[in-house]
Amino acid sequence: MTRGRCRRQILPLALLSAAAWSVAACSSEPQPSASSPSDAGQERITWSTDSAVDTPAATRHTFRKIRLFTEFVCEGATYGDFDNDRDMDVAFGPRWYEGPAFTVEHEIYAPQPFDPKGYSDCFFLFARDFDHDGFTDILRVGFPGADASLFWNPGRASGPWPRHIVIDVVDTESPDFTDITGDGSPELVFAADGRLVWAGPVGTDPSGPWNLHPLTPPAGFHAFTHGLGVGDVDGDGLLDVLEAKSWWKHPPSLQGDPVWERRAQTFGSGGAQMPTADVDGDGDADVVASLEAHGYGLAWFEQSPAGFVEHVIVPSLPDAGGVALHEPHALAVADLDGDGDPDIVTGERFWGHIPAGMPDFATPAHLYWFELVRNQGVVTFIPHLLDDASGVGTQVTIGDVTGDGLRDILIANKKGAFLFVHELPASDGGAND
Ligand SMILES: [Ca+2]
Ligand SMILES: [Ca+2]
Ligand SMILES: [Ca+2]
Ligand SMILES: [Ca+2]
């Protein structure tokens, strides 16, 4: 396992409430306590890894870690303008926090602490103002095989957000919420009854039951199927669906729910999210995938006329040398360093499966960003360790939460809830000094 070197600079606590703050970024951390809901804090961390050459981008781009809480209540995280004051707020399972300070906490639904040796009822959060009243609402996807529920933002009213179950059973472990139909509104893409399906609001009432539209025949997809993505693989402007054994081509019309054409292709053995991006810069869509959600490894798959060619970024063997990624159960692709090409954020899902023997909650959980560098036609992803006391859960959300033009990172998992605020030196055009 790669060891990171880190420098820590503790920030003033002026903006923090009386909540204790403890971030064990460089070594171990204590067992979380379900009775201390707001053990929050922040610090500035600059990392490099022994296995990677420091790059100018990694030196300039730092991520200030804010730990919103420590107990295990969810693995879903998102952001949106929940109080309609035009700045972005963040949500982790049952709680949301007011931007830009993220110190004022609100409840979406009653938080239920879960045993870290089990699982929570919140695997994904997706933010959208479903009724266009200015107050962003939330779609929560629960444990695989459980429901998807819409939580209505009550706006100026106080109290829990009214919940409506819109889909009874959401199978697969990486559903996506994106505009697969091209009608301007996102739909949930997942599996039901062995098929891949999409579903979205019906008519004018988003809180009513959502109709399921199959896109594949019955093909054995189930609650715990790993690996799912949505992207325009063939560049025809229509979003296709990817899974570990194939991709499914979006037909010209979805009228009547036709079966999508299957193109056989192996993308690992079942990982997490499977975003498409033009990794090599040749104009076509390539695919990024973790190789096994409960194993090891990360790869990108280069599109070619003969199919996809696998390029390993992190090997699927734990002891191959260099960076090791155990249980990379969530990932996301975004241009973090602003150079116009896609970078990857992923890490280790601590206790994704509960280890036998003597599990130790002090075990590190690494979080990396992989910087894409192209040099004379050669693609390299350079790993930069962001943190070793968080990792990923089942969802990595990337977006400009603080409104400074830099993409931030949100993660929730068994070690708590984390916002990594992306910063640049003021001398480099950043908003922070
Ligand atoms: Ca706001
Ligand atoms: Ca709303
Ligand atoms: Ca390409
Ligand atoms: Ca980039």
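This is a predicted model: local features need pLDDT of at least 70, side-chain atom pairs count only at pLDDT 80 or more; totals for chains, interfaces and linings use all residues.
Me: In strand 21, which residue is the bridge partner of T276?

Reply: V287 is the bridge partner of T276 there. Residues are numbered from 1 along each chain as its sequence is written, while chains are lettered from A and ligands numbered from 1 in the order in which they are written.

Me: How many bridges join strand 20 to strand 21?

Reply: In general, strands of a sheet pair through backbone hydrogen bonds, either parallel or antiparallel. Strands here are DSSP runs of E, at least two residues, numbered from the N terminus, and two of them pair if DSSP finds at least two bridges between them. Strand 20 and strand 21 (residues 286-290) have two bridges and run antiparallel. They belong to an open sheet of four strands in the order 20-21-22-23, with antiparallel pairing.

Me: What does strand 14 pair with?

Reply: Strand 13 (residues 187-192) is joined to strand 14 by five bridges, antiparallel, with V189 partnered by W198. Two residues sit between these strands in their hairpin, where D193 takes a positive phi near 50°. Four bridges then join strand 14 to strand 15 (residues 211-214), again antiparallel, and L212 is the partner of A199.

Me: Is strand 14 mostly covered or mostly open?

Reply: Mostly covered: five of the six residues in strand 14 (195-200) are buried. Buried takes 20 or more other C-beta atoms within 10 Å of a residue's own, exposed is 12 or fewer, and partly exposed is in between, with C-beta atoms placed from the backbone.

Me: Why is E105 called partly exposed?

Reply: Because E105 has 17 other C-beta atoms within 10 Å. E105 lies in strand 7 (residues 105-107).

Me: Which residues touch the most other members of the largest nonpolar core?

Reply: Such a core is a set of buried Ala, Val, Leu, Ile, Met, Phe, Trp, Tyr and Cys residues joined through C-beta atoms within 7 Å. In this one, of 105 residues, V90, A91, V396 and L419 touch the most other members. Leaving out residues up to four places away in sequence, L419 touches several residues, including I66, V90 and F102; contact means C-beta atoms, placed from the backbone, within 7 Å.

Me: What average pLDDT does the chain have?

Reply: pLDDT is the predictor's confidence in each residue, from 0 to 100. The chain averages 87, and 86% of the residues score at least 70. Over residues 1-51, though, the pLDDT is below 50.

Technical notes:
Two residues are in contact if their C-beta atoms, placed from the backbone, lie within 7 Å.
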